[in-house]
Structures are given as C-alpha cells and as structure tokens.
There are 2 protein chains.
Amino acid sequence: MPDRPVTACLVVIGNEILSGRTRDANLAYLGARLNDIGVRLMEARVIPDLDEVIVATVNEARRRFTYVFTTGGIGPTHDDITAASIAKAFGVALVQNPEARAILDAHYSPGELNAPRLRMANTPEGATLIENPVSKAPGFQMDNVFVMAGIPEVMQAMFESVVHRLVGGKPLVSRSVTVYLPESKVALGLEALQGRYSDVEMGSYPFNRAGRFGTRLVLRATAAGPLDAAAGELDGLIVELGGEPDWD
Amino acid sequence: MPDRPVTACLVVIGNEILSGRTRDANLAYLGARLNDIGVRLMEARVIPDLDEVIVATVNEARRRFTYVFTTGGIGPTHDDITAASIAKAFGVALVQNPEARAILDAHYSPGELNAPRLRMANTPEGATLIENPVSKAPGFQMDNVFVMAGIPEVMQAMFESVVHRLVGGKPLVSRSVTVYLPESKVALGLEALQGRYSDVEMGSYPFNRAGRFGTRLVLRATAAGPLDAAAGELDGLIVELGGEPDWD
C-alpha cells in the first residue's frame, strides 16, 4: 500500500453538461467508489468538446494526479473527439485497435458495422482496452488515464471492470450527522474539536430542506479510533447546544 | 455588445462534492442562466477546501475567462476559507467589510452576532458586496470574480442580484430533439448536415432511459435563420431513418 496519498482527477468532457441541459452523475459515483478503495478524488473538471482544451486538460491532469478518468465523447458521432484528443495528448497516432474491432465485429451483424460504429474501434496507439459489458464499444487506458463513456450506466460498468487495476492507499472512514441547528451555532465548538483532533478532517455543510436550514457535519479519518472518539464528543456538543444529532 | 465570445468559469469549492456525498446543483443553473445572457460557461472545476488549490485555481481562471464564479466556503465555520483564499489570490488583506458588518448587525439581535457569524463580514480589501436576499450574509465581487454561497437557493438569489453587472455577447439559441435511434444510425447524416451548416453547432448525446437507448440531438447557433433551417433538415433525416423526432 502506497505511503503517499493516492489522488485522482475526473475530466468530464461535454458541452451538454456546461450548457446546463444535462446533469453530470459520474462525479458522485466516482468520488464515492474511489474513496472506497483509498483513492482521493482531488479535482473534477468539466470541459467542452474542444480538441485543444481536452489535450491541455488531460496533459495537466495526468502529471498532477495519480489517476485521471475521463467521461464522454467516445461514441460514433462527429462530435466524439475524445480518442483523437487523447492520442494527441500522448503524442501517438490514433489507430484502429484490433481487439476493439473484434469486439464490434462480434457484436454487430454483418453489414451493421457502418463507418460511424467503426470509429468506436479507434484508440491511441498502445492503449489497453476497458471492457464495456453494457453496450460493448470499449473504453481504453493510456498510462494513468482511463477513458470512459459518458452514459452513467456504461461509465459505471467500465469503472468496475478496471477498478482492479488501481492501487489505492488507506481508505477514509467517515461519520456524518445531520442537525437542525444553524452552522454558526456549531462553529465555535466544532473548531475547538478540530483543534483537538488533527487527524480527523471535520467539514460543515449547511443545507436548506423545504425552507428549513440545517447543517451536515462530516468527520473523516484513516483510523476508526480517533474518528469514533471525535464523533462521541461531537454528539455531546450538539446535545449541549440544544440540537438532536441524527447520525447516518 | 462585445464582438468576442464572453466566457465564464465556475469554481465549485467543496470536499463534500468531491467525496460524492453531495451533488452539485449550481453548475446546471449557472450554465443555463449564463447562456440566457450570452455568456458561455467554458469550464467548471470542482476543487477541495484547500487554500493553495483555491488560490491557484482562481488565479488561473480569472486570467483565462471573462468571468469567474465560485460557490461554497463562505459560511461561519473553520472550513469556510474561500474569502481568505480569494484575498490571497488577489494579494490583498482580508478585512472586516463595514457594509457587510452593517447587514449582519441589522439581521441579528444584539448578542446573537457571535464570532463565527462575524467571520461572514470578512472580505478581501476592495471587494464589492453581492446581496443575499435569502439568508443575509453577503457574497462579494473582486474584479471579474464573483464569490457566492454553495447552497443552491442562496447561490441562485446571489446570482440574480449581480446578473445586471455582467455584459454578455450574443446569446445562443437552440433546438433539441429526442429520438429512439442509436447514435450510430444518425451519425453519418448528422455529420453531413454539420458540414453544410458551419454556423450551427451540432451535438449528439446518447442516453439510456429505463433500459432504452436513445439520442438527444442539440443544435445551437447565434442566429435563428440557420438554426431553423438545420432543424428542418434534421427532422427530415430522422424520419427518413425511421425515427420519430420528438422536439422540445
């Protein structure tokens, strides 16, 4: 198990998300699943379907983070440019991948494998495929960059088929409590608690549910001992402030 | 009206979004509203509550884009560090803003304005406030950077209270159609259509609804004439392919 934190970046490729028409659902899934295996999602970037932006973003991300995941832009239409841009980012050619071609050949009846579908067999030279149990057309991996589909069901299936290739660090364990007290009432006590538990990360997230403001407090740590001790103290603090702690 | 495209970047500040626990709702709102006024959201970055990351991200974004919007981290708790980080990004001091202080003084009963709440009166020196009609504690603007709350209701109210400060370009108009045909069937015709309409941006977005795969095709342009002409041709193409165009 690596000593250093293992980090990841998600690059969401798609004008559709930026225009507000489609809501991304991949960030939440990836963030939670990476956490399970001790990889910390440190950044997510939503970018448009523009070649130079994809190249620059992926090249920056693959240097800064242990793993990079991209979603979107690997379908059969003219605006699906992710594979070509990743090839450019790595300075290699975009080629027809024989293994990907064989998968498509097996999936489609003769005559059905038209030119747009064949585009989905193209990967950067040297890529390793990522299996797509849902709709067959594969994703691919280049070094530490995992290129996946944008449709959540397909993205999730692809992620699960490559998760064994990832080497995580110590997973964070967490405890969360919801309380209908304003953040500003909890703030002083929480800060004092944070001061006493440097190895427990304490976050406070206000919310508004049906017009009622409340606070969600989240404690995260790599060890259960300090986490449970801090949670016990936080529970006492909330009760002392007149709140009713509702732990997940 | 500016001749050049007017661009924006959203910086979502919050460990909670990256951990997968909370889903961001601000990107979709901002993307759609900016589009209404002719500002194009070109990037969204979700980053953790880490001072050096906020400083570096905001400094990069404010140079690259016409406008930058941040959400999150301006509450009363110890993990709300956005104001201090923005001050650092601009190389100015974090100060108690007299106008913000007056707003909090007017809102809270005497004795209620405790130290954590007072933190919400701190802004970088020289900031202009952003009104918060929902819960009073204001956001602020520094040059082209707009610092807003993370709670969607509050963020939306803040955005609407500053939208008049933004100067947009030509808004994009769009037409969208949903069709239960695979992308790969539409791809060739769509690409040919794109070739004939260089001033209409054509996007194809596959989806899976209750196990049924379909495609959403979106046409966007700054002028209604070519948009409607392209939409007419696309409708014909879909029917020719045996699909039933369902226009929004």
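1. Strand S2 (39-47) of chain A pairs with strand S2 (residues 39-47) of chain B, in the antiparallel sense and over 3 bridges. In this pairing A:Arg45 stands opposite B:Arg45. Note that the model is a predicted one. Strands of a sheet pair through backbone hydrogen bonds, either parallel or antiparallel.

2. The two chains are related by symmetry. Chain A is superposed on chain B by a rotation of 180° with 0.0 Å of shift along its axis, and the RMSD is 0.0 Å. This is the relation of a two-fold axis. In chain A, the C-alpha nearest the axis belongs to A:Arg45, at 2.3 Å from it. The residue that stands opposite A:Arg45 is B:Arg45.

3. The contact between the chains involves 48 residues of chain A and 48 residues of chain B. On the side of chain A, at least two residues each come from helix H1 (15-18), helix H2 (26-36), strand S2 (39-47), helix H6 (115-119), helix H8 (183-196) and strand S10 (201-209). By class, this side of chain A has 23 nonpolar, 15 polar and 10 charged residues. Because 100% of the interface residues of chain A are also interface residues in chain B, the copies meet through the same surface.

4. Helix H8 (residues 183-196) of chain B has 14 residues, which at 1.5 Å a residue should span 20 Å; its end C-alpha atoms are 19 Å apart, so the two values agree. The helix does bend, by about 30°, at B:Gly189.

5. Which residues of H8(B) are buried? They are B:Glu183, B:Ser184, B:Lys185, B:Val186, B:Ala187, B:Leu190 and B:Leu193. The buried residues of H8(B) pack against elements of both chains: H6 of chain A, and strand S10 (201-209), strand S11 (212-221) and helix H9 (224-240) of chain B.

6. S10 and S11 of chain B also belong to an open sheet of 4 strands, in the order S10-S11-S9-S12, with antiparallel pairing. S10 and strand S12 (246-247) of chain B are the edge strands, each pairing on one side only. Strand S9 (residues 173-179) of chain B is joined to S11(B) by 7 bridges, and the two run antiparallel. One bridge partner across this pair is B:Thr215 in S11(B), which faces B:Val179.

7. Strand S3 (residues 67-71) of chain B is mostly covered, with 5 of its 5 residues buried. B:Tyr67, B:Phe69 and B:Thr71 point one way from the strand, while B:Val68 and B:Thr70 point the other way.

8. What are the pairing partners of S3(B)? Strand S1 (residues 6-13) of chain B pairs with S3(B) in the parallel sense over 5 bridges, and B:Ala8 stands opposite B:Tyr67. S3(B) is also joined by 4 bridges to strand S8 (residues 145-148) of chain B, again running parallel. Here B:Val68 stands opposite B:Val145.

9. Most residues other than glycine have a negative phi. B:Asp143, however, has a phi near 50°, a positive value; B:Asp143 lies in the loop between strand S7 (139-142) and S8 of chain B. B:Ala210 also has a positive phi, near 50°, and is found in the loop between S10 and S11 of chain B.

10. Are these two residues buried or exposed? B:Asp143 has 12 C-beta neighbours inside 10 Å and therefore counts as exposed, the cut-off being 12 or fewer. B:Ala210 has 4 C-beta neighbours inside 10 Å, so B:Ala210 counts as exposed too.

Technical notes: Residues are numbered from 1 along each chain as its sequence is written. Chains are lettered from A and ligands numbered from 1 in the order in which they are written. This is a predicted model: local features need pLDDT of at least 70, side-chain atom pairs count only at pLDDT 80 or more; totals for chains, interfaces and linings use all residues. Copies are superposed by least squares on the C-alpha atoms of residues with pLDDT of at least 70 in both. Two residues are in contact if their C-beta atoms, placed from the backbone, lie within 7 Å. Ala, Val, Leu, Ile, Met, Phe, Trp, Tyr, Cys and Pro count as nonpolar, Asp, Glu, Lys and Arg as charged, and the others, Gly among them, as polar. Two strands pair if DSSP finds at least two bridges between them. The expected span of a helix is 1.5 Å times one less than its number of residues. The bend at a residue is the angle between axes fitted to the seven residues ending there and the seven starting there. A residue is buried if 20 or more other C-beta atoms lie within 10 Å of its own, exposed if 12 or fewer, and partly exposed in between; C-beta atoms are placed from the backbone.
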